[in-house]
2 protein chains.
Amino acid sequence: MKTNALFKRSYNQALDMLAGAGEGVPLPSEPAMAATLGVSRTTVRAVLTALAMREIITIDGRAKTQLRLPKRNDYLADADLEPLADMVERKFMAWLVGPDCSPGHVINGLDLARQFGVSTSAIRDCLNKFSHFGLLERQSNGRWRTLGLTVEFVAELFDMRELIEFRAVDRFVALSKDDPLWSELSLIEKEHHAFLDDFDRRNRDFSDLDHRFHKLVDSAVPNRFLGNIQGVMSVIFHYHYQWNKKDEVDRNHRALCEHLAYIDGLKSGDPSRAREACRLHLHTARSTMLTSINVI
Amino acid sequence: MKTNALFKRSYNQALDMLAGAGEGVPLPSEPAMAATLGVSRTTVRAVLTALAMREIITIDGRAKTQLRLPKRNDYLADADLEPLADMVERKFMAWLVGPDCSPGHVINGLDLARQFGVSTSAIRDCLNKFSHFGLLERQSNGRWRTLGLTVEFVAELFDMRELIEFRAVDRFVALSKDDPLWSELSLIEKEHHAFLDDFDRRNRDFSDLDHRFHKLVDSAVPNRFLGNIQGVMSVIFHYHYQWNKKDEVDRNHRALCEHLAYIDGLKSGDPSRAREACRLHLHTARSTMLTSINVI
DNA sequence: AATTTGTTTTTTATATAAAAAGAGCATTCA
DNA sequence: TGAATGCTCTTTTTATATAAAAAACAAATT
């Protein structure tokens, strides 16, 4: 049966909203709450019923009143808050880059389903999705084989990435000065400085910032066929580097500084300077990844 | 339940083999037949049992002997010979580019399942696959919306295609003279000439030749992330132009001639000449497609 | 009259079940 | 002894069933 992760997340979100209000405060109408939470009214009604059951609110006709502030243990546990597909994807990637899977390994979907505690359908969907990332291959007998993070894979990935990003850089520097992308760039530049200032504590979260930065640059040439490249980059940064913490601090610090130089290059408006900063950064990223593969 | 299209195709293939032999001829062993047909022994055994049931062969211990030549009505009908996924894909694309679907249309999976006579799982798989081609988009409520063959779509598609193919051309002309790609190019060049000679009768099948030609050129820079682009190109040529027969003869004839010029350019070894022929052809292809969209 | 709520109908996501096809092993035959 | 066969066990594919969530519609309220 379908998971109710959406209900649980919405319920917790509603609690957050109530925490901002107080006892005796009337709640907004169902359609209004649905719009705020970004879900259907059906889900909102389920949440309201649950809140009334826990005596956090009271429902009398169409008058909904808050009875008390939510407590910590009113919140639903983190266990099933993640959509199933995300959970499977996370576990699968962890398995794929982990020690239980070597390149060329034939995947047993039934076995994975048992390991992850989900049905084979969920595994099937996940495998189908990842096949587009070039990390898996379908054999003639219908089975899946892992291809692994090989040197060829990284070469092809970065070739493609450079091809795309160089062109994006050329377009980016030529943007008119009032283009919204410039302010977004300044914003992300500030984030980079904030990151550097608090580097020791935050350097774990760098993959997200990295992903958003490159996505911003690439958005100068909107193209829906880039999704796969960005997806696979993000996945690899997120999962592969999770198993390879060696030199993580150095790696992230260097990338941060290169990003800042890259941003300067873009802002200078000089195509050759921007291109050069981009080239330098992508070159580093490529060799970093190649090194990390050989290290494992 | 699973379709037995594989069994049916194997059965017909086996009949073809028997048609080549004759009465009284002994059949090869099960493993040998499995290897020949490219299926498992389980399937071969099912085929052999069916052949014995129809009294085309007789099985006595491990001696399998042909009793008679297969007749026309021994063959299984064309109805279910196609794998289910292929059938769904074919019907879906026909629906997508046909008159029942306008850009922005919200897809009703249940309804499509009924129309195509398959289960929702099959539709789901198909939608997931096509979302990678950029023709569909997933809304926040989990529904699919068609994006249609818009002008932006074609622009993005061809931008990407040109980016990739220009680079492939540069690499192609620089290949060593004994590279196997050169002989493949000569082979496909011959096919083009054969096509031209018999143009009136064969011009319908051009999309396949076109696909193979561009795939060959692109293979000069092996990259697994190209699959999507090539896939979507192929799909569009195959299905979109099926609904748009206007000027088909002119369109195909012109493309054929441009291909030949393109091949000459590659063979000349002069990068700028090859690039120019490529540019010209891709430019024509782009405007042809743009025109065909507006015509509909 | 425009919202809001109560209720019903659709649609999607996921697990389960069953057929088809593959893989492996013991036995048999040449 | 080595390959072929018979049989059994897995794995994959597909349909079906069911809960969750969305959408649609009718009745009620301000």
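Let's start where protein meets DNA: helix 2 (30-37) and helix 3 (41-53) of chain A, along with helix 1 (5-20), helix 3 (41-53) and helix 5 (109-116) of chain B, each supply at least two residues of the surface near DNA strand C. Here, helices are DSSP runs of H or I with at least four residues, numbered from the N terminus, and a residue is near a strand if one of its heavy atoms lies within 4 Å of it.

This is a predicted model, in which local features need pLDDT of at least 70 and side-chain atom pairs count only at pLDDT 80 or more, while totals for chains, interfaces and linings use all residues. Residues are numbered from 1 along each chain as its sequence is written, chains are lettered from A and ligands numbered from 1 in the order in which they are written, and side-chain values use heavy atoms, leaving out hydrogens and water.

**Around DNA strand C**
- DNA strand C is surrounded by 38 residues, and the closest are Arg41(A), Ser119(A), Ser40(B), Thr43(B) and Asn108(B).
- Of the atoms of DNA strand C that come within 4 Å of the protein, 71% belong to sugar and phosphate.
- The side chain of Arg41(A) has an N or O atom 2.3 Å from a base oxygen of DNA strand C.
- Phosphate oxygens are reached from chain B: the side chain of Ser40(B) has an N or O atom 2.5 Å from one, and for the side chain of Asn108(B) the distance is 2.3 Å.

**Where the two chains meet**
- In this pairing, 26 residues of chain B are in contact (heavy atoms within 4.5 Å) with 26 residues of chain A.
- Chain B and chain A bury about 2,300 Å² between them, 55% of it on carbon and sulfur atoms; buried area is the accessible area (1.4 Å probe) that two parts lose on being put together, summed over both.
- Glu156(B), Arg224(B) and Phe225(B) supply 33% of the area that chain B buries against chain A, more than any other three residues.
- Four salt bridges (a side-chain nitrogen of Lys or Arg within 4 Å of a carboxyl oxygen of Asp or Glu) cross this interface.
- One of them links Arg224(A) to Glu156(B), with the closest N and O atoms 2.9 Å apart.

**How the copies are related**
- The same surface serves both copies, as 100% of the contact residues of chain B recur in chain A.

Definitions and conventions
A polar contact is a pair of N or O atoms within 3.5 Å; within protein, one must be able to donate a hydrogen and the other to accept it, and residues adjacent in sequence count only if both atoms are side-chain atoms.
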